[in-house]
Amino acid sequence: MNDSRAPEEPRMEGVPLPDREPFPSLLARVRAARGSRADEDWAGRVITALILRHEATVDATVGAIEEVIPVLADADPDLAAHGPSSPQEHEPRLTAVQLLGEPDDFAREQAEAWHEAGSAAFEDGPLLTPRTFLIAVPGLAAGTSLLLLLSQLLTEGLQITMSPGLLAMPLVLALNLCLVIALYERIKPLLPFAAAAAITAGSVVGLAIGSALLFSIMQTPRFTAGTGWLLPLALGYAAIAGALIQLTSRRADGRDDPDDPAGSPAASMTAVVSRTPSGSTSTTADQSLSAARDHEWERRFRTAARRRSDLPERQIEDALAEAREHAREAWSGLDEQFGSPEDFARALPGQPSTPLRRKAMVQLGASLAVLIVLIVQFAQSGWTWSMPVFLMALWLVACVLTLLGSVRELRALS
Amino acid sequence: MADPIPAEWIRALLPAAILAALAEQPLHGYGIAQALGERGLGTPRGGSLYPVLGRLERDDLVTSDWVAGDSGPAKKQYTITAAGRERAAADRRAWHSAAHALGADVPVHATALEETAR
């Protein structure tokens with residue numbers, strides 16, 4: 001990594017550090033390099049940016065930080081000699097920011113270097129694996145139960161009319177949310193973003209209608225009870241989520257990769273091709289096999305490129321058109337000229353504004369949907385303020401604030 | 001006969017070599033690969049060439065346009081920008097410095113790159 005960047009003022013406050021292994025022990029080693037807490041904070045911010053913003057894998061992130069440790073130690077050999085046994089904090093001659101740059105810049109440059117090298121340093125699998133889905137549903141249901149408790153306290157007071165529908169609501173909402181995320185993650189690599197977003201929006205509408213019908217069926221029997229009884233409901237869901245975390249093994253946390261070349265149709269096709277004796281097939285058969293291999297290469301490239309999120313559809317199609325033309329002129333197949341489609345997709349330079357722009361579009365859609373619900377609710381209450389209208393208005397404000405935050409980030413990028 | 005240029009040198013020199021080739025005339029991807037091959041810098045495969053072209057375009061050192069092909073589909077043609085020419089000149093100076101540091105007055109492999117750059 002480049003360690004000759006211009007010195008800048010440190011900016012270390014308010015750093016949320018990753019708190020799960022292997023990061024605490026890694027951060028302890030960073031701190032031990034020359035007994036500096038500021039170094040540990042710097043590394044924590046790099047880890048946060050690499051994992052959360054750039055979606056780097058844990059292994060790649062650990063490797064990047066491990067490369068930094070000797071750089072910090074070499075910068076202050078006297079302090080490094082004190083090591084972790086030194087009881088007091090040391091003030092390094094040059095801060096980590098002065099040596100290596102701002103954590104966010106360091107993380108961005110590291111991610112760019114990985115992209116340039118076509119390195120498999122990024123998470124490209126779905127966020128919701130079967131295991132995380134199983135845990136996320138009761139986990140989210142617990143959180144939704146708490147929100148339901150709060151909203152019922154504000155709107156109905158200490159006594160509410162319970163029904164099976166009300167009790168099932170947190171679980172149904174959590175299940176819907178996880179289903180929508182899982183669906184989007186599965187179709188995103190297969191379709192252009194606009195089509196994937198439209199199908200996901202359609203599924204949201206369909207699930208909302210289905211849930212509304214379910215709740216209307218589950219309105220009886222009704223009984224009056226204390227609002228506080230929603231608290232054990234939240235705790236129950238949380239306990240289920242906790243038990244599932246304990247029950248499911250770490251091995252089950254592995255990511256499904258339906259596009260793993262080893263198991264993909266293309267790999268099978270390559271194996272078939274390699275078994276074909278040379279000269280035993282006709283030219284027409286060769287051409288059709290070559291076309292089939294190119295077609296499969298294109299399919300795998302599109303899937304890998306769409307998974308990256310920072311490649312707009314137009315750039316993906318342009319890259320494919322260029323690759324086709326290059327292979328045609330070179331009288332060779334795409335795999336001969338471009339190697340693995342996944343490696344080629346990883347090596348293309350991305351546009352950091354693309355995921356932000358997409359996020360802003362989704363937030364705009366959500367804001368409009370909440371605005372419509374608010375207007376309907378306001379009209380139903382005779383254009384007078386009520387607690388449900390007030391809560392919906394608060395939700396709208398939250399949606400608009402997050403949208404503005406995304407717009408600000410987009411402007412900062414441009 | 002000149003010694004072959006080590007593969008790792010060619011990888012490192014690829015952005016500079018592409019700029020040098022484009023300093024002569026606008027070219028499409030395959031044309032760039034051929035131009036580099038003709039000058040003894042090896043013919044890069046598409047998988048190495050296009051990511052570098054993409055980064056040069058992102059850094060505003062080259063621009064690209066789709067132009068209709070004479071007898072085939074449209075081709076994406078790359079043109080060097082003013083900033084790209086400055087970078088190519090800087091690369092040439094850096095190459096001379098590196099050659100000088102290695103103790104060579106006229107390094108054998110510099111000739112190919114400089115010819116491409118002119």
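1. **Ala347(A).** Ala347(A) lies in helix α15 of chain A, residues 341-347. Helices here are DSSP runs of H or I with at least four residues, strands are runs of E with at least two, and both are numbered from the N terminus. Ala347(A) is buried, at a relative accessible area of 7%. Buried means under 20% relative accessible area, exposed over 50%, and partly exposed in between, with a 1.4 Å probe and protein chains only. Gly118(A) is 229 residues away in sequence, yet the two C-alpha atoms are 4.2 Å apart. Beyond four places in sequence, Ala347(A) is in contact with His115(A), Gly118(A) and Arg308(A), and also with Pro51(B) and Arg55(B). Contact means heavy atoms within 4.5 Å.

2. **Ground rules.** This is a predicted model, in which local features need pLDDT of at least 70, side-chain atom pairs count only at pLDDT 80 or more, and totals for chains, interfaces and linings use all residues. Residues are numbered from 1 along each chain as its sequence is written, chains are lettered from A and ligands numbered from 1 in the order in which they are written, and side-chain values use heavy atoms, with hydrogens and water left out.

3. **Confidence in chain A.** The mean pLDDT of chain A is 80, and 82% of its residues score at least 70. pLDDT is the predictor's confidence in each residue, from 0 to 100. Where in chain A is confidence lowest? Helix α11 (residues 265-275) has that place, with a mean of 36, while helix α13 (residues 313-329) is highest at 93. Two stretches need care. Residues 1-17 of chain A stay under 50, and the model has 39 contacts for them beyond four places in sequence. Residues 252-281 of chain A also stay under 50, with 36 such contacts. Where pLDDT is low, the predicted coordinates should not be read in detail.

4. **Ser163(A).** This residue sits in the loop between β1 (159-162) and α8 (164-187) of chain A. Is Ser163(A) buried or exposed? Ser163(A) counts as buried, at 4% relative accessibility. Setting aside residues up to four places away, Ser163(A) touches Met218(A), Gln219(A), Pro221(A) and Arg222(A).

5. **Chain B overall.** Chain B has 5 helices and 3 strands. Their order from the N terminus is α-β-α-α-β-β-α-α. Of its 118 residues, 42% are buried. Among contacts with a separation of 6 or more, 52% join residues 24 or more positions apart. The chain exposes about 6400 Å², and carbon and sulfur atoms supply 52% of that. These areas come from the Shrake-Rupley method with a 1.4 Å probe; for residues, only the protein chains shown count as cover.

6. **The sheet of chain B.** Three strands form an open antiparallel sheet in the order β1-β3-β2. Strands pair if DSSP finds at least two bridges between them. The edges are β1 (27-28) and β2 (62-67), each pairing on one side only. β1(B) is joined to β3(B) (residues 75-80) by 2 bridges, and β2(B) to β3(B) by 6. Tyr78(B) in β3(B) stands opposite Leu27(B) and also opposite Ser64(B). Gln77(B) in β3(B) faces His28(B).

7. **Faces of β3(B).** Which residues of β3(B) form its covered face? They are Lys76(B), Tyr78(B) and Ile80(B), while Lys75(B), Gln77(B) and Thr79(B) form the uncovered face. In a regular strand the side chains alternate between the two faces of the sheet.

8. **Nonpolar cores.** The largest core has 39 residues; Phe301(A), Ile18(B), Leu22(B), Ile32(B) and Leu36(B) touch the most other members. A nonpolar core is a set of buried Ala, Val, Leu, Ile, Met, Phe, Trp, Tyr and Cys residues joined through side-chain atoms within 4.5 Å. Elements supplying at least two residues each include α12 (283-307) of chain A and α3 (46-58) of chain B. α1(B) gives the most, with 7 residues. Ile18(B) touches Ile32(B), Leu36(B), Leu49(B), Val52(B), Leu53(B) and Leu56(B), beyond four places in sequence. A second, separate core of 31 residues includes Ala33(A), Ala73(A), Ala75(A) and Ala111(A).

9. **Helix α2(B).** This helix is mostly covered, with 7 of its 10 residues buried. Among them are Tyr30(B), Ile32(B) and Leu36(B). Just after α2(B), Gly40(B) takes a positive phi of about 80°.
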